[in-house]
Amino acid sequence: MTAPTTIYTDRALHAYLRRATWGLPTGRQQELWDELEEHVLARADQLQVAGLSPAQALTQAIRELGPPGSVTLGMAKVYTMPKILIAAGTAALALSAALYAVAGGGGKTVSLPVSTNLPMPVCQPKLPENVRVTVVSNWENSICFFRIAPGYPTNKTIESELLVTQQAVEQVVAAIGGESHLQSNGILSISIPSFPTPVSMARITTRVNATNYFPAHMLLVPTSAVPQYLTGFQRPIIHAGNQQFSLNQDASSDKVMPFYESISPKLLSSLGLPWGYRSSPANMHSHSVPTHLNAGEVVMAVTRGAGDSYQSNFSEVLDGGELSIRFDRMHVAFVSDPQRLKERQPDGRTPVLLVRVTNIPLNQLRQGIFVPAQATSDAR
Amino acid sequence: MNPDLLRGNLDLILLSILEARPLYGFAIIQEAKERSGGYFEFREGSLYPALHRLELDGLLAAQEGETGRNGKPRKYYALTDKGRQALDAKRHEFGAFAGAMRQLTGGGA
């Protein structure tokens with residue numbers, strides 16, 4: 001029997017719901033699944049307001065449901081299911097302890113190193129002749145390679161991209177029930193349940209000491225039914241399933257590359273926007289925006305550039321809900337929908353979309369869109 | 001709280017809570033807790049089977065409500081006419097039971 005569809009669920013919650021609705025007539029199974037899921041999410045919200053973290057709140061809300069087997073038995077009696085199912089449900093009570101262990105999780109935190117300033121391969125349509133090379137990837141009419149012959153210039157290093165190891169990507173993808181597969185041409189594809197084709201693909205960005213590195217945004221899979229969410233600005237943490245992955249800068253890097261900038265293409269894509277341009281720091285203006293958000297939340301501000309390209313800037317909410325953020329415009333107006341970024345404001349202000357990107361399931365990032373009470377801002 | 005007491009009066013409790021207005025599962029639990037000063041705290045595992053049973057028996061009717069946190073419409077439970085009749089009957093029944101217990105035990109209830 002295939003499980004009913006869900007929009008938002010933690011892996012442990014998914015397992016609980018599957019067990020609690022087991023054996024019910026198909027229509028009733030989906031009905032009860034939705035009811036219990038909504039119940040857990042409502043209770044988790046309540047617990048978060050009381051001060052628990054999202055993961056703790058969800059775990060406790062699942063616990064409070066009681067053993068899933070007791071729900072199964074109770075429903076079996078209501079729908080006069082065959083005695084064999086009732087008997088099996090009784091046995092399932094014994095399995096509930098195991099499920100509780102899953103739901104009670106206590107997910108561990110894994111530290112993931114991130115790197116910048118790594119040597120980069122050369123990429124061109126075809127290999128040079130009479131030059132010894134090591135091919136890193138070959139995809140979409142572009143071959144990336146390292147020259148290994150002596151006497152050639154050292155390879156170009158990259159400073160602006162945050163990279164993670166292949167192992168890091170595999171760990172995070174596994175936490176959401178997905179699979180990653182490195183093809184012989186150096187392309188890593190990521191697959192998740194219920195999607196027939198890979199949801200994400202990227203070539204090896206570089207290879208150092210036999211370790212493959214990929215862009216940090218490969219850690220995020222916004223389409224995953226097992227949601228991921230982010231916390232922390234200076235020390236970001238990716239929450240995936242029952243696990244947390246903290247991102248630690250490579251101690252050897254001499255330039256800190258903000259994590260959120262590196263994942264902005266994925267975040268913009270979640271909002272249905274392409275990523276495009278980057279303003280020069282000299283053209284940025286500081287804005288101070290009062291918000292209703294808690295200190296520590298991270299906000300992404302999106303503006304539209306020439307054509308259909310978009311830029312995002314990130315900032316952390318300070319005590320009292322104050323958000324100090326930089327745009328390349330002096331006078332802005334905050335809008336409530338990504339589509340409104342294309343509109344010309346009658347007063348000439350530039351439309352800006354504010355999105356809270358922490359403590360929001362990445363598959364529902366639109367829920368983080370907000371318009372502050374003060375709907376316009378002028379640079380200080 | 002003695003769980004046997006709750007189990008034996010669960011239908012009366014749920015029908016009473018839903019007498020004034022339809023509610024969905026989570027809200028029913030909150031209402032029960034508030035109106036009883038925290039005395040009644042349901043296990044969700046017993047709540048939903050009871051609600052489904054009362055619906056199957058025709059004492060409650062399901063209504064689709066606003067979109068919940070999971071993107072699906074919330075399922076509200078509303079008292080039917082049959083449910084109101086059952087509620088009256090159970091109230092009388094409980095009243096008689098409580099009165100008899102008071103006489104037997106010498107007060108307190």
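Modeller: Rings of Phe, Tyr and Trp (its six-membered ring) pair if their centres lie within 6.5 Å; planes under 30 degrees apart count as stacked, over 60 as edge-to-face and the rest as tilted. The structure is a predicted model, in which local features need pLDDT of at least 70 and side-chain atom pairs count only at pLDDT 80 or more, while totals for chains, interfaces and linings use all residues. Residues are numbered from 1 along each chain as its sequence is written, chains are lettered from A and ligands numbered from 1 in the order in which they are written, and side-chain values use heavy atoms, with hydrogens and water left out.

Biologist: What is the relative accessible area of Phe259(A), and what is that of Tyr260(A)?

Modeller: Buried means under 20% relative accessible area, exposed over 50%, and partly exposed in between (1.4 Å probe, protein chains only). Phe259(A) has 6% and is therefore buried; Tyr260(A), with 1%, is buried as well.

Biologist: Why is the pair of Tyr24(B) and Tyr76(B) given its name?

Modeller: The ring centres of Tyr24(B) and Tyr76(B) lie 5.2 Å apart with planes at 65°, so this pair is edge-to-face. Helices (H or I, at least four residues) and strands (E, at least two) are DSSP runs, numbered from the N terminus. Tyr24(B) belongs to strand 1 (residues 23–24) of chain B and Tyr76(B) to strand 3 (residues 73–79) of chain B, so the pair ties together parts 52 residues apart in sequence. Both Tyr24(B) and Tyr76(B) are buried.

Biologist: How do you know that Cys123(A) and Cys144(A) form a disulfide?

Modeller: A disulfide is a pair of cysteine sulfur atoms within 2.5 Å. The sulfur atoms of Cys123(A) and Cys144(A) are 2.0 Å apart, so the pair meets that limit. The whole structure holds 1 disulfide over all chains. With 110° about the S-S bond, the link of Cys123(A) and Cys144(A) is right-handed. It joins distant parts of the chain, with Cys123(A) in strand 3 (residues 122–124) of chain A and Cys144(A) in strand 5 (residues 142–147) of chain A, 21 residues apart.

Biologist: Why is helix 4 of chain A described as largely enclosed by the rest of the structure?

Modeller: In helix 4 (residues 68–78) of chain A, 9 of the 11 residues are buried, so the description applies. Among them are Val71(A), Leu73(A), Met75(A) and Val78(A). In helix 6 (residues 166–175) of chain A, the buried residues include Val169(A), Val172(A) and Val173(A).

Biologist: How many helices and strands does chain A have, and how many does chain B have?

Modeller: Chain A has 7 helices and 23 strands, and 51% of its 380 residues are buried. Chain B has 5 helices and 3 strands, running α-α-β-α-α-β-β-α from the N terminus; of its 109 residues, 44% are buried.
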